[in-house]
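Here is a short report on aromatic pairs and on one helix. Please look over the model before reading on.

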Amino acid sequence: MGIALNKPLIGIVMCQIDKDGHPTQMVHNKYLDAVVNAGGIPLALPHMLISDAALTGNPLASLDGVLLTGSTSNIEPHHYGERGTELHTDPGRDKLAFAIITQAMAYQMPLMAICRGLQELVVVTGGSLYRQVHLQPGLSDHREDTARSLEEQYAPAHSVSIEAGGLLSGLVNGRDNFQVNSLHQQGVRSLGPGARIEARAADGLIEAVSLRHHPFALGVQWHPEWQSDKSEISRLLFEGFIRASDDYRRGNH
C-alpha cells in the first residue's frame, strides 16, 4: 500500500565513483539538505534505471521534480560534437541524466540543474560546451583553487548579470545582479533553439539558462546548494523550484 506524500518528491541523479575499490554511486549531502530545507523530499536515482525503459519510466512517473547536481566528472564530448576524450567522465550519469531531462521536458516536470547539470541540460537541448573555459580568448578562469579550504573554494567569486523578464529574474524578485561562486572548468559555448539565456558573467560566459515553453526548467553554472540555508539567493532558487514541484504534484501543470 502506497504512502501519500504531502511534500513534493524530488529525484536527484547520483554520480559514479570508486570508493576504496568498490564501485559506488553517491550524492553530496548539500544537495539533499537544500531540497529538504526548501520543503521537498529527496530521492536518489541510480544509473541502472537507464538499463530498462520500464525502470526509467516508472520512477519518473512518481516524481514531482528533478535535480541535476554538479560533479567532478565531465560529459563525454561526443555528445556535443567534439572529438577526443575527457580525463574524468561518468557515462552512466550521462545516459541517465539525458533520459531524465528528455522525460521531464515531455512531462513538463520542474527541473533544476546545477553546474554539470546545467551543461547536461544545454547538451540535451542542442547546445555545446567549452571544454576549457580558461583557454578561450576573452574569458576568465572560472576554476576553483583546490589547494584552498572548501569555505574558500565556495566563496563568492564573481557577479552575474540577470536577464530581465526571465524565470531567474522572477525568482530573485527582479534583482539585476548578484555574486556567485565559481568552480568549473567547462562552460556553455552555445544554446539550442529551445533554451533561453538567464544570466551572464562579466566576461560574457553564460551562467544560467531556462527552457522555453516549460513551466520551470532552470540551470545555473554556480553552486547554490552550498550552505543554501545561509544565502538569500540560494534559498529563493530552491524555494522556487520546490514550489513549482508542489504545483506539479497538485496537478497544476
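Both Tyr154 and Trp226 are buried. This is a predicted model. A search of the whole structure turns up 3 aromatic pairs. Two are listed here, including their geometry.

| Pair | Type | Centre to centre | Angle between planes |
|---|---|---|---|
| Tyr154 and Trp226 | stacked | 4.4 Å | 15° |
| Phe178 and Trp222 | edge-to-face | 5.7 Å | 80° |

Take the stacked pair, Tyr154 and Trp226. Tyr154 sits in the loop between α5 (150–153) and β8 (158–162), and Trp226 in the loop between β13 (217–220) and α7 (232–249), so the pair ties together parts 72 residues apart in sequence.

Now the edge-to-face pair, Phe178 and Trp222. Phe178 belongs to strand β9 (residues 177–180), while Trp222 lies in the loop between β13 and α7. This pair links distant parts of the chain, 44 residues apart. Phe178 has 4% relative accessibility, so it counts as buried. Trp222 is buried too, with a relative accessible area of 3%.

Next, helix α1. Which residues of α1 (residues 29–37) are buried? They are Lys30, Tyr31, Ala34 and Val35. These residues cover an arc of only 135° around the axis, so they lie on the same side of α1. The face turned away from that buried side carries the exposed residues Asn29 and Asn37.

What do the buried residues of α1 pack against? Their partners are β1 (9–13), β4 (41–45), β5 (65–68), β6 (111–114) and α7. After α1 comes Gly39, with a positive phi near 105°.

Key
Residues are numbered from 1 along each chain as its sequence is written. This is a predicted model: local features need pLDDT of at least 70, side-chain atom pairs count only at pLDDT 80 or more; totals for chains, interfaces and linings use all residues. Side-chain values use heavy atoms; hydrogens and water are left out. Rings of Phe, Tyr and Trp (its six-membered ring) pair if their centres lie within 6.5 Å; planes under 30 degrees apart count as stacked, over 60 as edge-to-face and the rest as tilted. Helices (H or I, at least four residues) and strands (E, at least two) are DSSP runs, numbered from the N terminus. Buried means under 20% relative accessible area, exposed over 50%, partly exposed in between (1.4 Å probe, protein chains only). The arc is that of the directions from the helix axis to the C-beta atoms. Contact means heavy atoms within 4.5 Å.
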